[in-house]
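I opened the model today to look at one helix and its surroundings. My notes follow the display.

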Amino acid sequence: MSEAAMPETDGDGMSYSVPDDLRAVRVFVTERALALGMTENRIDLLTLAVSELTTNTLQHTSGGGHIRVWAENGRLVCDVVDRGAERPFGRAMPAAEAVRGRGLAIVERVCDAVYTTAVPEGTLVRICLDL
């Protein structure tokens, strides 16, 4: 990926718009989490959740999204904002033979808290993991 093709970052956040950006998103989230004091095994859970959310953005919405990561009150907080519709949480895990539909169920199971709300840009999903 050339310098010009790198996703835009703004300190605690970054934008993404194409599948090639997902690797940069995972690196960004990992580096932010390390800098904020998260342990390695928790970073793996965070990265999994963020990968599921950002992949959903690119598969089910247009225009990409923006991710922001910070620490607050002993938790790492991560917002993912995209132009999609509000996502239904509280899902059962799909059957083992299901081809799709596990992403949001996985996010709910690996994070300590998950919230979603409509925002002017579309939908914000906030995930929290205890530091």
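I looked up what the buried side of α1 touches. Its buried residues pack against β1 (13-16), α2, β2 (65-72) and β3 (75-82). I keep in mind that this is a predicted model.

Next I listed the buried residues. In α1 they are Asp 21, Leu 22, Ala 24, Val 25, Phe 28, Val 29, Arg 32 and Ala 33. Why do they line one face of the helix? Viewed down the axis of α1, they fall within an arc of 160°, so they share one face. The general rule is that an α-helix has 3.6 residues a turn, so residues three or four places apart point the same way.

I then turned to the other side. The face of α1 pointing away from the buried side carries exposed Arg 23, Glu 31 and Leu 34.

I checked the length. α1 has 15 residues and spans 21 Å from first C-alpha to last, close to the 21 Å expected at 1.5 Å a residue. After the helix comes Gly 37, with a positive phi near 95°.

Last, I looked at the helix pair. α1 (residues 21-35) and α2 (residues 40-60) pack at about 145°, with axes 10 Å apart. Their crossing is right-handed. From α1, the contact uses Leu 22, Val 25, Arg 26, Val 29, Thr 30, Ala 33 and Leu 34. From α2, I noted Ile 43, Leu 46, Thr 47, Val 50, Ser 51, Thr 54, Thr 55 and Leu 58. By class, I read 9 nonpolar, 5 polar and 1 charged residues in this contact.

Conventions
Residues numbered from 1 in each chain as written. Predicted model: local features only at pLDDT ≥ 70, side-chain atom pairs only at ≥ 80, totals over all residues. Heavy atoms only, no water. Axes fitted to C-alpha atoms, helices over the stretch in contact; angles between N-to-C directions. Helix = DSSP H or I, 4+ residues; strand = E, 2+ residues; numbered from the N terminus. Left-handed = near helix turned anticlockwise from the far one by under 90°. Contact = heavy atoms within 4.5 Å. Nonpolar A, V, L, I, M, F, W, Y, C, P; charged D, E, K, R; others polar. Expected span 1.5 Å × (residues − 1). Buried < 20%, exposed > 50% of the residue type's maximum accessible area, 1.4 Å probe, protein only. Arc of directions from axis to C-beta.
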